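This report covers a patch of surface charge, some backbone angles and the surroundings of selected residues.

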Amino acid sequence: MEVRARAPGKIILAGEHAVVHGSTAVSAAIDLYTYVSLRFPTPHDNDDALKLQLKDVDLEFSWPVGKLKEVLPELGIKSASSPSSCSLETTKAIASLVEELNLVDAKLGLASGISAFLWLYTSIHGEKPAKVVVTSELPLGSGLGSSAALCVALSAALLSLSDSLKLDFGHQGWQTFGDSELDLVNKWAFEGEKMIHGRPSGIDNTVSTFGNMIKFRSGELTHIKTNMPLKMLVTNTKVGRNTSALVAGVSERAARHGSAMASVFKAVDSISNEVVAIIQSPVSDDLAITEKEEKLGELMEMNQGLLQCMGVSHGTIEAVIKTTLKYKLATKLTGAGGGGCVLTLLPTRIGGRGMEISFSGFSS
Ligand SMILES: Nc1ncnc2c1ncn2[C@@H]1O[C@H](COP(=O)(O)OP(=O)(O)O)[C@@H](O)[C@H]1O
Ligand SMILES: C[C@@](O)(CCOP(=O)(O)O)CC(=O)O
Ligand SMILES: [Mg+2]
């Protein structure tokens, strides 16, 4: 039996980083996906290992089930229907398994993703042998939420074949997830994100699970409905960075300058709420759209200024901002910053393709 799941990446229109500290943020799913396939061997295959193939980075790993049983302390005591955090003891055990893979320096960033895989897999399926294959259309570590898309697609695939959930494969082998199953996928994905990001807000896994556009604050999700056409150009600076280090950097700055940073986070909260109000208000005519776009552009610039204040901008991001400004276009970073991707609002007066915000959740 093989199951395949996919989950989308995202852009953050306003509020990244501040959302970790309780501010509102606005995010939309994009139509670039991470795909996970999960297959259990038949007795005939005579295969007694858990295998992970990461196609994007051309790597494959295999753990004999005997090794998993020997190293992981809590195997078999967890339940797929109640997501739980990885204990310190299991974190250490997983770290030792990942260390033994001897990843080269250039691929050390993958260690956190592999750890998340081991945690999610063994929590939901114990030491059962399987082969998991991951591929993605998303650039990894670039602010488009590849870590969350991986955790969501993985959780969805794992839960699909979990005995404790007993999901039906209905019409032509497609599974439909109801709200409670989506909630479970999201909760497990959040646990995976924790292994990758350290202190995620949960916005990335939530928008990847539920799709469309969302407002997110302190773990609370609000779906956003809009009929405003919104086009964003996504530019990848191709400067690699690590979300968990950037998130930790902002927290350190907040610890050093508590009152000033609280004001910064509050200002971001106001910006995100204004973005939501503009996007949700009815569109009457072209003039109204132009007016809204101008306001959105200004809010994006203000948000970018505050992200710079948090210390997460980068020379290459500033270079894109300067270039687009020549054409009177507003640009801000998206995701953790420090390089990665930036968003430029493409007003309707310009036309062109851009990357339209798509309305797509994960499907399996
Ligand atoms: N398709 C994938 N294959 C392997 N690892 C992945 C994949 N997608 C995500 N990851 C993991 O997620 C990490 C990137 O997450 P992160 O730094 O949060 O950036 P982002 O989520 O913006 O892409 C990678 O270093 C890796 O550990
Ligand atoms: C910086 C942050 O707001 C978004 C990180 O997104 P990404 O991993 O860079 O795609 C962190 C979070 O909300 O968990
Ligand atoms: Mg991420």
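Two residues are in contact when heavy atoms of one lie within 4.5 Å of heavy atoms of the other. The model described here is predicted.

With neighbours within four places in sequence left aside, Val-20 is in contact with Arg-199, Ser-201 and Val-247. Val-20 sits in the loop that joins β1 (2-14) to β2 (25-39). Its relative accessibility is 17%, so Val-20 counts as buried, because buried means under 20% relative accessible area. Between Val-20 and Glu-60 there are 40 residues in sequence and 33 Å in space, taken from C-alpha to C-alpha.

Thr-206 counts as buried because its relative accessibility is 5%. Residues up to four places away in sequence not being counted, Thr-206 touches Asn-186, Gly-211, Ile-214, Phe-216 and Leu-221.

Most residues other than glycine have a negative phi. Asn-212 is not a glycine, yet has a positive phi of about 55°. Asn-212 is located in the loop between α6 and β6 (213-217). Ser-218 likewise has a positive phi, near 45°, and is a residue other than glycine. The loop that holds Ser-218 runs between β6 and β7 (220-224).

Turning to charge, Glu-274, Asp-285, Asp-286, Glu-291, Glu-294, Glu-298 and Glu-301 form a negative surface patch. Which helix gives the most residues to the negative patch? Helix α9 (residues 286-310) does, with 5 residues. Asp-285, one of the patch members, is placed in the loop between α8 (258-280) and α9. Asp-285 has a relative accessibility of 40% and therefore counts as partly exposed, since that class lies between under 20% (buried) and over 50% (exposed).

The accessibility values discussed above are collected here.

| Residue | Relative accessibility | Class |
|---|---|---|
| Thr-206 | 5% | buried |
| Val-20 | 17% | buried |
| Asp-285 | 40% | partly exposed |

Terms used. Residues numbered from 1 in each chain as written. Chains lettered and ligands numbered in written order. Predicted model: local features only at pLDDT ≥ 70, side-chain atom pairs only at ≥ 80, totals over all residues. Heavy atoms only, no water. Patch = residues over 30% accessible without salt bridge, like charges linked within 9 Å, V, L, I, M, F, W, Y side chains within 5 Å. Areas by Shrake-Rupley, 256 points an atom, 1.4 Å probe, with all protein chains shown as cover. Salt bridge = Lys/Arg side-chain N within 4 Å of Asp/Glu carboxyl O. Lys, Arg positive; Asp, Glu negative; His and termini not counted. Charge placed at Lys NZ, Arg CZ, Asp CG, Glu CD. Helix = DSSP H or I, 4+ residues; strand = E, 2+ residues; numbered from the N terminus. Buried < 20%, exposed > 50% of the residue type's maximum accessible area, 1.4 Å probe, protein only.
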